[in-house]
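Hi,

Here is the structure I promised to pass on. Have a look first, and then read on for what turned up.

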Amino acid sequence: MAQAMEEGAESVSASVVTDTAYLDQAVEEVFGLMLGVKVVGVDEALKADAQSETLTAVIGLAGALSGACTLQARAETAMQITARLLGMEMDTVDDGVLDGLGEISNMLAGGWKSKIPSLSAACLLSVPTVVTGTHYVVHRQPSPLYMERHYRMDEHIFTVRVYGEVQ
């Protein structure tokens, strides 16, 4: 296993990993198949403010790529994502919403890395962690690899980031 991960790491190209087309495809597939909703990439960033609760689901990446994949959304968007995933209305951020957002982020990270053959078996995912609050910053070490994409689902905007370092 360690030898396979080392061999896979040698063939991982930062330019392939940062090709946003793979991330866009993964987001479109996960939201289309699992939630039955179309998403489109947008230039408009998620606007967080001190009054709006925001959730960030974090999936750690280890192996050929060391870093993280995050999904950030306002509470209303996270509730809508979870409602579509579970097929039931959500009117408050509860454990169901936290678990739902974590699960969707896990599917996104897995879908994205599966599109890059050199990462598919050589990069492992952590269990999701979800951070909530009204005014916070997710700090990360500066990394050579960074992607940030914004998407719209109906009237809801969310952001997906992938960052780290090829090992």
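Below are some notes on a helix pair and on the salt bridges. Keep in mind that this is a predicted model.

Let's start with the helices. Helix 4 (residues 75–86) packs against helix 5 (residues 95–114) at an angle of about 80°, and their axes are 9 Å apart. Since angles of 65 to 115 degrees count as roughly perpendicular, helix 4 is roughly perpendicular to helix 5. On the helix 4 side, the contact is made by Ala78, Met79, Ile81, Thr82 and Leu85. Helix 5 brings Gly96, Val97, Gly100, Leu101, Ile104 and Met107. Sorted by class, that contact has eight nonpolar residues, three polar ones and no charged ones.

Now the salt bridges: the count comes to four. Here are some of them.

- Glutamate 29 and lysine 115 meet at 2.9 Å, N to O. They sit 86 residues apart, with glutamate 29 in helix 3 (residues 20–35) and lysine 115 in the loop between helix 5 and helix 6. Glutamate 29 is partly exposed, at 40% relative accessible area.
- Arginine 84 and aspartate 154 meet at 2.7 Å, N to O. This pair also links distant parts of the chain: arginine 84 belongs to helix 4, and aspartate 154 to the loop between strand 6 and strand 7. Arginine 84 is partly exposed at 28%, and aspartate 154 is partly exposed at 39%.
- Glutamate 148 and arginine 161 meet at 2.7 Å, N to O. Glutamate 148 lies in strand 6 and arginine 161 in strand 7, so the bridge ties together parts 13 residues apart in sequence. Glutamate 148 counts as partly exposed, at 33% relative accessibility, whereas arginine 161 counts as buried, at 19%.

Cheers

Terms used:
Residues numbered from 1 in each chain as written. Predicted model: local features only at pLDDT ≥ 70, side-chain atom pairs only at ≥ 80, totals over all residues. Heavy atoms only, no water. Axes fitted to C-alpha atoms, helices over the stretch in contact; angles between N-to-C directions. Helix = DSSP H or I, 4+ residues; strand = E, 2+ residues; numbered from the N terminus. Parallel < 35°, antiparallel > 145°, perpendicular 65-115°, else oblique. Contact = heavy atoms within 4.5 Å. Nonpolar A, V, L, I, M, F, W, Y, C, P; charged D, E, K, R; others polar. Salt bridge = Lys/Arg side-chain N within 4 Å of Asp/Glu carboxyl O. Buried < 20%, exposed > 50% of the residue type's maximum accessible area, 1.4 Å probe, protein only.
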